[in-house]
Amino acid sequence: MSELTKLIDKTKSYPIAEAVALAKKTSQVHFDANIELHARLGIDPVKSEQQVRAFITLPKNVAKKKMIVAFVGANDEAAAKDAGADIIGGEELIKKIIATKKTDFDIAVATPEMMKMLAPAAKILGPRGLMPSPKNKTVTNDIKTAIAEIKKGKIEFKSDAGGNVHLVIGKVSFSDEELVTNFQVALEAVRKAKPASSKGTYLQKVSVCSGMGPGIRIQL
């Protein structure tokens, strides 16, 4: 056991302010590691209606800057440009992607009218996780809001096969106060995402840790 790991009492649940300070202190890597929230949920992950999936924008942005492409018609080009889309286009852009198979962007948004044109590009965009979808709110008539939310750092979280949720809430370089605030907002989002059919204790265990550091259990 490393000296840093000995700083954590595995039998204790810590207040969040103390926990984030410990998570930073016990980071064992020589780069700006993530600080992560891990929650074990009282759900049955086998049941589709109990799977958790939601979106969140943290007060202190954690997400890396993303290159955004907007697939829009002529009427929405100005709105996409004003919102800060990096690449804007319609049918000609889609044809170019199909021909070259190049996707020089991180995320795609589209208006509903463009989805029929985008269908032939699905076999390129889909496997790369770039196909716009109503599920993740990247297909919308309000293209300006969609782009603005992405730029603010909107991220998705969802439960895994074991009924757990994992969320990056910051970096070791963030202040303790920034991490505490991000944690509180993230935990509230996980709480609000509770499926209606989930019975019993929903938040069973919550912990924080640095990217490769030991877990620190949180008082709930």
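Student: Which strands does α7 lie across, and at about what angle does α7 run to β7?

Tutor: Good place to start. In this predicted model, helix α7 lies across β1, β7 and β8. Its direction makes about 155° with β7.

Student: What is the order of the strands in the sheet?

Tutor: The sheet is open and has four strands, in the order β7-β1-β8-β9, with antiparallel pairing. The edge strands, each pairing on one side only, are β7 (164–171) and β9 (216–217).

Student: How many bridges join β8 and β9?

Tutor: Two bridges, in the antiparallel sense, with β8 covering residues 203–210. To find the spot by eye, look for V208, which stands opposite I216 in β9. Helix α1 (residues 16–25) packs on the sheet too, where it touches β1 (34–41), β8 and β9. The direction of α1 makes about 40° with that of β8.

Student: Let me zoom in on one residue of α7. Is A189 buried or exposed?

Tutor: A189, in helix α7 (residues 176–192), has a relative accessible area of 17%, and the cut-off for buried is under 20%, so A189 counts as buried. Leaving aside residues up to four places away in sequence, A189 touches I56 and F157.

Student: How should I read an aromatic pair?

Tutor: Two values describe a pair of aromatic rings: the distance of the centres and the angle of the planes. A search of the whole structure finds one such pair. F71 and F105 are edge-to-face, 6.4 Å centre to centre and with 80° between the planes.

Student: Which parts of the chain does that pair tie together?

Tutor: F71 lies in strand β3 (residues 68–71), while F105 is in the loop between α3 (91–100) and β5 (107–110), so the pair links parts that are 34 residues apart in sequence. Both F71 and F105 are buried.

Student: Where does a lysine lie over the face of a ring?

Tutor: Look at K60, which lies over the face of F174 at 5.1 Å from the ring centre. Then turn to K154, over the face of F55 and 4.8 Å from the ring centre.

Student: And what does pLDDT tell me about reading the coordinates?

Tutor: Where pLDDT is low, predicted coordinates should not be read in detail. Here the mean pLDDT of the protein chain is 91, and 98% of its residues reach 70 or more. Confidence is lowest in strand β6 (residues 155–158), with a mean of 87, and highest in β3, at 96.

Methods. Residues numbered from 1 in each chain as written. Predicted model: local features only at pLDDT ≥ 70, side-chain atom pairs only at ≥ 80, totals over all residues. Heavy atoms only, no water. Phe/Tyr/Trp six-rings, centres within 6.5 Å; stacked < 30°, edge-to-face > 60°. Buried < 20%, exposed > 50% of the residue type's maximum accessible area, 1.4 Å probe, protein only. Lys NZ or Arg CZ within 6 Å of the ring centre and 35° of its normal. pLDDT = per-residue confidence, 0-100. Contact = heavy atoms within 4.5 Å. Pairing = 2+ DSSP bridges. Axes fitted to C-alpha atoms, helices over the stretch in contact; angles between N-to-C directions.
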